[in-house]
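Have a look at the sequence and the 3D view below, and turn the model around a few times.

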Amino acid sequence: MKLSENFTLEELTHSDVATKFKIKNEPNEEQKDNLKRLCTDILQPIREEYGFPITVTSGYRNVNVNNKVKGSKTSQHIKGQAADITCNDTTKAFLFDLIKKMIEEGKIKVGQLIWEYGTKKEPKWIHVSLPYTKTNQILYFYSK
């Protein structure tokens, strides 16, 4: 099922952890609606501005999957409102900076844009979420 031009429900719900532990990672209708909004309002505009494919490494996670990955109990992934992304055509730092610029220029609104772990030069992945309790919060978490 297509959620936007370049993103599908299957890729936003795929989870290696769910597969490994034989957990059904299926969103309900409200979560599907959130995933669609995430794709149309955030991921698709990023993809179009970036000009290259973006890989979703973690989208929707039901509570069981979220617990297995040690996610926050209030994670927006559980609601279908967040995705962790990466890329292959440039550095992830370049993609992060591009997203940050899109936010600053008012092209997209996010809840959070997070530089997730990695080093000060390159994140392991980038977290983006729909505005919910926060708007346009930009955070950096580095590995120790």
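From the N terminus on, the elements run β-β-α-α-α-β-α-β-α-β-β-β. That makes 5 helices and 7 strands, where helices (H or I, at least four residues) and strands (E, at least two) are DSSP runs numbered from the N terminus. The radius of gyration is 14 Å, close to the 15 Å from the globule rule for 144 residues, so the chain is as compact as a globular protein of that length. (That radius is taken over C-alpha atoms, and the rule is 2.2 Å times the number of residues to the power 0.38.)

Keep in mind that this is a predicted model: local features need pLDDT of at least 70, side-chain atom pairs count only at pLDDT 80 or more, and totals for chains, interfaces and linings use all residues. Residues are numbered from 1 along each chain as its sequence is written, and side-chain values use heavy atoms, with hydrogens and water left out.

Now the sheet. It's an open one of 5 strands in the order S3-S4-S6-S5-S7, with mixed pairing; two strands pair if DSSP finds at least two bridges between them. From one strand to the next, the twist averages 30°. S5 and S6 pair in the antiparallel sense over 4 bridges, and Leu113 has Val128 in S6 as its bridge partner.

Contact here means heavy atoms within 4.5 Å, and angles run from 0 to 180 degrees between N-to-C directions of axes, which are lines fitted to C-alpha atoms (for helices, over the stretch in contact).

| Helix | Residues | Strands | Angle |
|---|---|---|---|
| H3 | 29-50 | touches S3, S4 and S6 | about 140° with S6 |
| H5 | 92-104 | lies across S4, S5, S6 and S7 | about 160° to S5 |

Finally, how much space lies in the largest pocket? About 840 Å³. On a 1 Å grid over the protein atoms alone, a pocket is an open set of points where a 1.4 Å probe fits, with protein on both sides within 12 Å along at least five of seven lines; lining residues have an atom within 4 Å of a point. Grid points are joined across faces, edges and corners, and the volume is the space filled by probe spheres set on them. Of the 34 lining residues, Arg61, Ser75, His77, Asp84 and His127 are the closest to the centre.
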